[in-house]
Amino acid sequence: MRVTLATHGGLAAPVLAGLPPDVVDSHALPESAAAELSRLVAAAVPAAAAPAAAAGDPEPRRRAPDAMSYSITVEEGGHSSVLVQSDTDMSPEFAALLRWLKEHVARE
């Protein structure tokens with residue numbers, strides 16, 4: 001599995017625009033880390049697809065012009081899924097995957 005993290009917006013947008021996305025390849029990870037990544041992805045994919053109201057949040061999140069947004073692309077077995085969330089509207093599962101990726105990224 002290959003997981004790519006792209007960060008957009010926020011106050012650092014001009015700096016981030018020139019950087020390549022962060023990439024984690026599960027085949028290059030120790031077995032325990034690859035298993036943890038798979039578990040986090042499996043939890044984040046359905047959570048990212050669920051609207052905030054369905055997750056128990058009765059109000060839509062407010063827009064923040066300086067908020068960061070994140071795109072996580074998961075590629076596995078010839079299929080890809082793209083998860084997009086922001087600082088103002090992020091599921092706990094997406095946040096856990098995002099934290100893990102930030103700790104384990106290697107620039108390609």
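**Surface, core and salt bridges of a predicted model**

The accessible surface of the protein amounts to about 6600 Å², and 56% of this area belongs to carbon and sulfur atoms (Shrake-Rupley method, 1.4 Å probe; for residues, only the protein chains shown count as cover). The model is predicted, so local features need pLDDT of at least 70 and side-chain atom pairs count only at pLDDT 80 or more, whereas totals for chains, interfaces and linings use all residues. Residues are numbered from 1 along each chain as its sequence is written, and side-chain values use heavy atoms, with hydrogens and water left out.

The protein contains three helices and four strands, taken as DSSP runs numbered from the N terminus (helices H or I, at least four residues; strands E, at least two). Their order from the N terminus is β-α-β-α-β-β-α. Of the 108 residues, 33% count as buried (under 20% relative accessible area; exposed is over 50% and partly exposed in between, with a 1.4 Å probe and protein chains only). Among contacts (heavy atoms within 4.5 Å) between residues at least 6 apart in sequence, 65% join residues at least 24 apart.

The largest nonpolar core comprises 21 residues, and Val3, Leu37, Ile72, Leu97, Trp100 and Leu101 have the most contacts inside it. Such a core is a set of buried Ala, Val, Leu, Ile, Met, Phe, Trp, Tyr and Cys residues joined through side-chain atoms within 4.5 Å. Two or more residues each are given to this core by β1 (2–9), α2 (31–49), β3 (68–76) and α3 (92–104); the largest share, six residues, comes from α2. With residues up to four places away in sequence not counted, the contacts of Ile72 include Val3, Leu5, Val82, Phe94, Leu97 and Leu101. In α3, the buried residues are Phe94, Ala95, Leu97, Leu98, Trp100 and Leu101. Helix α3 has 13 residues and spans 19 Å from its first C-alpha to its last, close to the expected 18 Å (1.5 Å times one less than the number of residues).

Two salt bridges are present (a side-chain nitrogen of Lys or Arg within 4 Å of a carboxyl oxygen of Asp or Glu). In one, Glu75 pairs with Arg2, with the closest N and O atoms 3.4 Å apart. This pair links distant parts of the chain, Glu75 lying in strand β3 and Arg2 in strand β1, 73 residues apart. Glu75 is partly exposed at 34% relative accessibility, as is Arg2 at 30%. The side chains of Arg39 and Glu36 also form a salt bridge, at 2.8 Å from N to O. Arg39 and Glu36 are separated by about one helical turn because they are three residues apart in helix α2. Arg39 is partly exposed at 47% relative accessibility, and Glu36 is partly exposed at 30%.
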